[in-house]
Amino acid sequence: MSTLVDRHGAGLEPSRGDGVPPAASARGPGWRLWHAIEPFVVTARPRQWLKNGLVLAAPTAAGMLLKPRIDLLALLAVGSFTLAAIATYFVNDAVDAPADRLHPVKSRRPVAAGLITPRAAVIAGLVCGVGAMAIALSLGWAFTAMVGAYLALTALHSLRLKQVPVLDILVVAGCFLLRAAGGGVATGVQLSNWFLLVALFGSLFLVTAKRAAEQGRDPTGTHARTTLDAYPASWLQQVMTVSLTGTLMGYALWAFRYVGLDIDKPLINASLLPFLAVLLRYSLLVSEGDGEQPERLLTRDRFLIAAAGTWAALVIAGIYLG
């Protein structure tokens, strides 16, 4: 009798013949409905929706986030990029399913585990992509173009560019930058050069650290992602050093941009210290082999949470109370 396999690779109860395990039938239609949609929820990666908070960075830094109209526009922009990201996850998992089955962690993804067919994943991705563009259209053509560029870049990355060294990293970092800049475009906030530099170098640092962690997981060179074999560990370290330095310098120039003028922002000046602490702590964790899942580190490491909380409190107080 066949055995169903869940996304963690554990055996479930034998099927009755209609594809529904006895336990699912016993728990009622509500549980069976959740059992059917859970693989789609897992594929949508709710934990990674945190990344779309970057859309709020520009209006927050400009001191505009407490205005009701701006809040509504910002939330719509977050929703659009969240749907666009979900579309990317579904399409990416459909394309990567054969390679993911060779990975110790990614093999548990619903598409790789056979809980969702590649065709169903692509259809779900297309639906989410259409939804993202529909919301983007309500925010203007400039923002729609940015969401369209995000979808195009992520689709190209899934289909081809992830196998091209350097472009692999730059495209992912560029998608982070589109999120950050998109928040300013959607809300009509002017983006400073320093803000864009911090977003660019910070994104590059996160992506390069992720690649270094993925490479460190399997030093034998048998990676499912073939571009990892093209990146010497020393080169990844150089890029991380350059991007970390660029992030810190860009932020320092933003935080101290009023020095010498009549405007004084001491709390924003002071925020440089916890910001530096976040970068150094994250860099240390990456050097110890972490970094493959940035969202996990940022929500579980106590030092990072405390430093990031202190930084956010100083910035928000400096902008909105100063």
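1. Eight salt bridges are found when the whole structure is searched; the term denotes a side-chain nitrogen of Lys or Arg within 4 Å of a carboxyl oxygen of Asp or Glu. The model is predicted, so local features need pLDDT of at least 70 and side-chain atom pairs count only at pLDDT 80 or more, while totals for chains, interfaces and linings use all residues. Residues are numbered from 1 along each chain as its sequence is written, and side-chain values use heavy atoms, with hydrogens and water left out.

2. One of the salt bridges joins D168 and R211, with the closest N and O atoms 2.9 Å apart. This pair links distant parts of the chain, since D168 lies in helix α7 and R211 in helix α8, 43 residues apart. Helices are DSSP runs (H or I, at least four residues), numbered from the N terminus. D168 has a relative accessible area of 0% and is therefore buried; buried means under 20%, exposed over 50%, and partly exposed in between (1.4 Å probe, protein chains only). R211, at 3%, also counts as buried.

3. R211 has a further salt-bridge contact, with the side chain of E214 (3.3 Å, N to O). Because R211 and E214 are three residues apart in helix α8, about one helical turn separates them. Both R211 and E214 are buried.

4. A network of salt bridges links R45, D93, D100 and R109. Within this group, the side chains of D100 and R109 meet at 3.5 Å, N to O. D100 counts as buried because its relative accessibility is 4%, whereas R109, at 21%, is partly exposed. R45 is found in the loop between α2 (29–43) and α3 (57–61) and counts as buried at 12% relative accessibility.

5. V166 is found in the loop between α6 and α7 and is partly exposed, with a relative accessible area of 38%. Most residues other than glycine have a negative phi.

6. The largest nonpolar core has 31 residues, of which F143, V147 and Y150 touch the most other members. Such a core is a set of buried Ala, Val, Leu, Ile, Met, Phe, Trp, Tyr and Cys residues joined through side-chain atoms within 4.5 Å. The elements giving two or more residues to this core are α4 (68–100), α5, α6 (141–159) and α7 (167–187). Helix α4 provides the largest share, twelve residues.

7. Which residues of α5 are buried? They are A121, A124, G125, C128, G129, A132 and A136. They cover an arc of only 140° around the axis, which puts them on the same side of α5; the arc is that of the directions from the helix axis to the C-beta atoms. On the other side of α5, R119, L126, V127 and V130 are exposed.

8. W194, L197, L200 and L253 form a nonpolar surface patch, with about 300 Å² of accessible area together. Patches are made of residues with over 30% relative accessible area and no salt bridge, like charges being joined within 9 Å and nonpolar side chains (Val, Leu, Ile, Met, Phe, Trp, Tyr) within 5 Å; accessible areas come from the Shrake-Rupley method with a 1.4 Å probe, and for residues only the protein chains shown count as cover. Helix α8 (residues 193–217) gives the largest share of the patch, three residues. L253 lies in helix α9 (residues 233–255) and, at 39% relative accessibility, counts as partly exposed.
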